[in-house]
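This briefing sets out selected features of the structure shown below. The points are grouped by topic and may be read alongside the sequence.

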Amino acid sequence: MEPVTCITPLLAVLVSLAVVPAILSSRNANVREGWTFAAALAKFGLVLSMLPAVLDGKELVCTVAQVLPGAALAFKVDAMGMLFALVSSSLWIVTSAFSIGYMRPLKEHSQTRYFVFFAVALSATIGVAFAANLFTLYLFYEILSFATYPLVTHHQDQEARVSGRKYLFYIVGASIGLALPAMLVIYDLTGTLEFSRQGVFAAAGNPAVSVTAVTVLLFMLVFGFAKAGIMPMHSWLPAAMVAPTPVSALLHAVAVVKVGAFSIFRVVTYVFGVEMLKTLHLGTVLGVVASVTIITASLIALSQDGLKRRLAFSTIGQLSYIVLGAALLTPKGLVGGLTHIAMHAFGKITLFMCAGAIFVATGKTLVSQLHGIGRRMPVTMFAFFIGSLSIIGIPITGGFFSKWYLLQGTLESGQWGFLVVLLGSSLLNAAYFLPITYRAFFCPPERCQFEPGVQEAPMWCVVPLFFTALVSVSLFFYPDLFRNLAQMAVGAP
């Protein structure tokens, strides 16, 4: 990779922070949200402007400050970071539009504060995506934790405060108690935290480190980045469903959980390195941990009547698909894990926006309350069906593409047990999603729970969810951009 010094990565991180004063000072809601859209479009434009250079094999580098030797506050735009940044920056635009359709009809309070912390959260997300080293990644990971706390506790009632405390206990407690000490030990052993395709240990000349030490450090980072929801560090995630639905969409598709999964992927491939983990057979151990989370979360999702809680446990399982892809340590497995970041994002944000649209239009939050809703909200429920197919991994949706590569990765590694986990969990995905669509469209008329006056949510709700459902389908036919970036990131042919 050819490094090129460039200030654009820093601008992409800062652009949403730059509009925070304008959002705070806006007395008019249209002006406030106009600034939000301006920042979102500018951020996406800046990310997009760097794409040709990355596809051409260049790495765009920007060093802000040399904090310690081998640990600078620095950004590096490579293929892996570009893939994540494209997903998060594009979906910020969509989520901002949906927020208008959700927050205004419900007359939610403190909407200015909501949009301010949304902007800060997206700056932190891009900071993680473009981090050049573990130090920078950890810094923006923590900024994201504190930026999303006011969003989780937006309603400021007792339930929100309890959920907020759990959120901080898991997210911040794990990162300070596990990830930070692991990072300090790695720096002490190697003298660097710079990401390397071979891993920092190989880049430092393979210092003498015991298998036990490497194992402990790996899992300190895996569990320390608790945003990924690996069990048992997952309880914060369903608790955070107390937040408004656009925040849930941000948490589960755009920013928080994907930052956790992305951070673990970076650790596996650019801190320890594929070859080291293969030699020590640690990929299999990590794969077992991910598999337990996948199956357990899918089984729990089956029993959830709350729509958002069912989606939350689905997310916990789907995040571990990404971790399992990294744990396979094979080219196809790694490509499958990385592309699942994008494929899951568009499918899951569709589902959460559908849940939000249902709440805006009907006030319903339970699966058992949705009999016949498809007759009143056909666009919303058709989009829900498409999002469900993508999460299950059915052809004509992008989710099939990433799961196909993951399945090939299990064969490539000879790990047949993981193949069974992926296929079994896909059946469980179908079991907890498809009955919702069936109830919505095919329940007997006498069981329909909705009056004729019930109709689709406002346009600002419906258009974004229809758009992301359309993207989920288009990614099945045109996956090349994300596949090419994933292959470049892991050095796959």
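Predicted model: local features only at pLDDT ≥ 70, side-chain atom pairs only at ≥ 80, totals over all residues.

How many salt bridges does a search of the whole structure find? The search finds four.

**Salt bridges**

- Arg 266 and Asp 78 form a salt bridge in which the closest N and O atoms are 2.9 Å apart. This pair links distant parts of the chain, since Arg 266 belongs to helix H12 while Asp 78 sits in the loop between strand S3 (71-77) and H4, 188 residues away.
- Both Arg 266 and Asp 78 are buried. For Arg 266, the relative accessibility is 1%, and the residue therefore counts as buried.
- Beyond its neighbours within four places in sequence, Arg 266 is in contact with Asp 78, Met 80, Gly 81, Ala 129, Ala 131, Leu 137, Phe 195 and Val 271.
- Another salt bridge joins the side chains of Arg 32 and Glu 33, with an N to O distance of 2.6 Å. Arg 32 is buried, at a relative accessible area of 8%, and Glu 33 also counts as buried, at 3% relative accessibility.
- Asp 480 pairs with Arg 483 in a salt bridge whose closest N and O atoms are 2.3 Å apart. The two residues lie three residues apart in helix H22, about one turn of the helix.
- In an α-helix there are 3.6 residues a turn, so residues three or four places apart point the same way.
- Asp 480 is partly exposed, with a relative accessible area of 39%, and Arg 483 counts as partly exposed at 22% relative accessibility.

**Helix H4**

- Helix H4 covers residues 79-103, and at 1.5 Å a residue its 25 residues should span 36 Å. The C-alpha atoms at its ends are 35 Å apart, which agrees with that expectation.
- A kink of about 25° occurs in H4, centred on Trp 92.
- Of the 25 residues of H4, 25 are buried, so the helix is largely enclosed by the rest of the structure.

- In helix H22 (residues 480-490), the buried residues are Phe 482, Leu 485, Ala 486, Gln 487, Ala 489 and Val 490.
- The elements covering these buried residues include helix H3 (29-55), H4, helix H12 (256-272), helix H16 (331-362), helix H19 (398-413) and H21.
- Just after H22, Gly 491 adopts a positive phi of about 70°.

**Backbone geometry in loops**

- The peptide bond from Met 231 to Pro 232 is cis, with omega near 15°. Pro 232 belongs to the loop between helix H9 (211-224) and helix H10 (236-239).
- His 281 is not a glycine, yet its phi is positive, at about 60°. This residue is in the loop between helix H13 (274-280) and helix H14 (282-302), and His 281 is exposed, with a relative accessible area of 60%.
- Ile 396, also a residue other than glycine, has a positive phi near 85°. Ile 396 is located in the loop between helix H18 (378-392) and H19, where it is partly exposed, with a relative accessible area of 39%.

**Surface features**

- A nonpolar patch on the surface is formed by Val 379, Phe 466 and Leu 470, which together have about 270 Å² of accessible area.
- Leu 470 lies in helix H21 (residues 459-477). With a relative accessible area of 52%, Leu 470 is exposed.
- Trp 416 is part of helix H20 (residues 416-442) and counts as exposed at 57% relative accessibility.
- Between Trp 416 and Cys 6 there are 410 residues of separation in sequence and 45 Å in space, C-alpha to C-alpha.

Terms used
Residues numbered from 1 in each chain as written. Heavy atoms only, no water. Patch = residues over 30% accessible without salt bridge, like charges linked within 9 Å, V, L, I, M, F, W, Y side chains within 5 Å. Areas by Shrake-Rupley, 256 points an atom, 1.4 Å probe, with all protein chains shown as cover. Helix = DSSP H or I, 4+ residues; strand = E, 2+ residues; numbered from the N terminus. Buried < 20%, exposed > 50% of the residue type's maximum accessible area, 1.4 Å probe, protein only. Expected span 1.5 Å × (residues − 1). Bend = angle between axes of the 7 residues up to and from the residue. Contact = heavy atoms within 4.5 Å.
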